[in-house]
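Dear colleague,

Please find the structure below, followed by notes on what was found in it.

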Amino acid sequence: MMENEDITSSYITTCVLNAFLSYTAVMLNCLTIYALTELSSLPRPLKTLLLSLAVSDLGVGLMVQPSYIASLVMEMEHKTENNPAYNITYKLYVFTVNLFGFASFFGVTF
């Protein structure tokens, strides 16, 4: 019983931390995108790189972290077996992690 309580408390801590960081990522990346579009003193390649990173980080804050939180909540409630909502949420999480992770990686690489 104690092990289940430890897992639940770590899930709750992870959810709260991800919710805070998701909000922070969205707000600060929106501010960054706005500032970069208004700023004309940066060289074009650097501006493009920073914009692509800000957009991919914005996607993480809007898509990846909320879907991760949703899947953790479903796991805490033990609603994972034969649950189509959990399957869709988890697949969305995995897809968006890969999408935005590769976008950031290839943005920096190119």
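Helices here are DSSP runs of H or I with at least four residues, and strands are runs of E with at least two, both numbered from the N terminus. This is a predicted model, in which local features need pLDDT of at least 70 and side-chain atom pairs count only at pLDDT 80 or more, while totals for chains, interfaces and linings use all residues. Residues are numbered from 1 along each chain as its sequence is written, and side-chain values use heavy atoms, leaving out hydrogens and water.

An unreviewed UniProt entry annotates residues 20-37, 49-70 and 90-108 as "transmembrane region", though such annotations may be inferred rather than shown by experiment. Residues 90-108 are 100% helix and 0% strand, with end C-alpha atoms 27 Å apart, and residues 20-37 are likewise 100% helix, their ends lying 26 Å apart.

Helix α2 (residues 44-76) packs against helix α3 (residues 84-109) at an angle of about 160°, taken between N-to-C directions on a scale from 0 to 180 degrees. The two are therefore roughly antiparallel, a term for angles over 145 degrees.

Helix α2 also has a kink of about 35°, centred on V60, where the bend is the angle between axes fitted to the seven residues ending there and the seven starting there. Just after α2, H78 takes a positive phi of about 55°.

Best wishes

Conventions: Parallel < 35°, antiparallel > 145°, perpendicular 65-115°, else oblique.
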